[in-house]
Amino acid sequence: MLKQHLRLILVGMVPILLSFILLYIIVLKNDDWEFVLLKVTKLVLYTSVLQLVFTMPTFHLIYTLKTFRFSGEHILSVIGAMTVWVDILNKTDKIITARFSRGFVKKRTFIIKAQQFPYALIPMVAGILRSASERASSWEHKNIETLLQQVQTNRNSNGTWLLNASLLIGMICWLIIVIIY
Amino acid sequence: MTAQNNSERMLSMAFIPLAIAVNVGIGAIVKAFNLPLYFDSVGTIMATLMLGWRIGATVGVLGFIITAIFFNPFAIYFIGTQVVIAITVHVLAAKKAFKNFARTLLSGVLLGVIAAIVSAPVIILVFKGATGNGAALLTSLFVETGHQIVESVFLSGVSIEPIDKGLQCLLTFFILRSMPKTMLEKFKSGFLSSNGFTA
């Protein structure tokens, strides 16, 4: 969790601060640092709240979605979305490792790995289509939707859902008020 | 519900997370370089072509939530753009606009203009023109040449988005063209057949 929020500061706050400085201080010559810092702080606060609301362990996610009366189909899509992409990124890494062991890639730096992405794309998508087909038949065979419908909501194991909902609603209201006024 | 419908529904559900991974993966790499391009809708375009706009929009919305959690926190404000992209691709694909290279490129440019129009109010109201990516540099350039911020945001969007979406549509076109047709034939509810991706 801490790592994700540090990433928010690095990936989100620094570039946005730099672009505010460029646009309002350097180009428009406003010299209004208070406005720039206030805007950046507000943006980071809204986004931090959103990030906190949506960052929850997968085993809590299923109870939260059940509490909000999501159907089995939608629960499956959301949980799949939260977990599968890590597998895909690992698969892509494996494709790049295979190219590395064949001598197509000299170093394993981030830039060189990114340059290898187009070569990894076609096998990755082919793998995705194959996985989708295999998962679909496996889920159909296990009747997974019915199994998900049978999961009982256990509010004791998920006391954060009300806090999350309140934070989300509060954040959206705050954003709307700031935009209007 | 017939067995065939159930199979198609299961295939859609299994494909959604995987298409999200395409959106998130490509978008994260491009974001890491802070380029004035986004490349964050390839999965949305692909899912819409394969399974229709509802699945495409789901892929776009969930993909942007995940991107906001793990890679680019400000992606969450552009969820609406993803829904519009899915609807536009659906309408264009129904008119066979992804049948060949030229039509796909043209569709991408049109999609870019629409995406720029939809994103501009968010960039102006929420970000006051400073989005923290390469587009903000272009906005600054337009402001420097004497345009108002609102105009500059719109002009930078219209300059970047058609190129970005054009490239994304072409990338999707080439990916789908290079897939074995037997693999794509299972996706019957989209526009693959009418656009010549399957026999």
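Contact is defined here as heavy atoms within 4.5 Å. The model is predicted: local features need pLDDT of at least 70, side-chain atom pairs count only at pLDDT 80 or more, and totals for chains, interfaces and linings use all residues. Residues are numbered from 1 along each chain as its sequence is written, chains are lettered from A and ligands numbered from 1 in the order in which they are written, and side-chain values use heavy atoms, with hydrogens and water left out.

Chain A contains 8 helices and 0 strands. Helices (H or I, at least four residues) and strands (E, at least two) are DSSP runs, numbered from the N terminus. The element order of chain A is α-α-α-α-α-α-α-α from the N terminus on. Of its 181 residues, 41% are buried (under 20% relative accessible area; exposed is over 50%, partly exposed in between; 1.4 Å probe, protein chains only). Among contacts in chain A with a separation of 6 or more, 63% join residues 24 or more positions apart.

The two chains meet through 59 residues of chain B and 58 residues of chain A. The buried area is about 5200 Å², and carbon and sulfur atoms give 80% of that value. Buried area is the accessible area (1.4 Å probe) that two parts lose on being put together, summed over both. Across this interface, 3 residue pairs are in polar contact, both residues at pLDDT 80 or more. A polar contact is a pair of N or O atoms within 3.5 Å; within protein, one must be able to donate a hydrogen and the other to accept it, and residues adjacent in sequence count only if both atoms are side-chain atoms. On the side of chain B that touches chain A, helices H1 (3–32), H2 (42–51), H3 (53–70), H6 (134–144), H7 (149–177) and H8 (181–184) of chain B each supply at least two residues. H1(B) gives the most, with 21 residues.

The largest nonpolar core has 105 residues. Such a core is a set of buried Ala, Val, Leu, Ile, Met, Phe, Trp, Tyr and Cys residues joined through side-chain atoms within 4.5 Å. H1(B) provides the largest share of this core, 15 residues. Residues with the most contacts inside the core include A:Leu43, B:Phe15 and B:Phe127. Leaving aside neighbours within four places in sequence, B:Phe127 touches A:Ile16, A:Phe20 and A:Leu43, as well as B:Phe74, B:Tyr77, B:Phe78 and B:Val122.

H6(B) has buried residues B:Gly134, B:Ala135, B:Ala136, B:Thr139, B:Ser140, B:Phe142 and B:Val143. Just after H6(B), B:Gly146 adopts a positive phi of about 105°.
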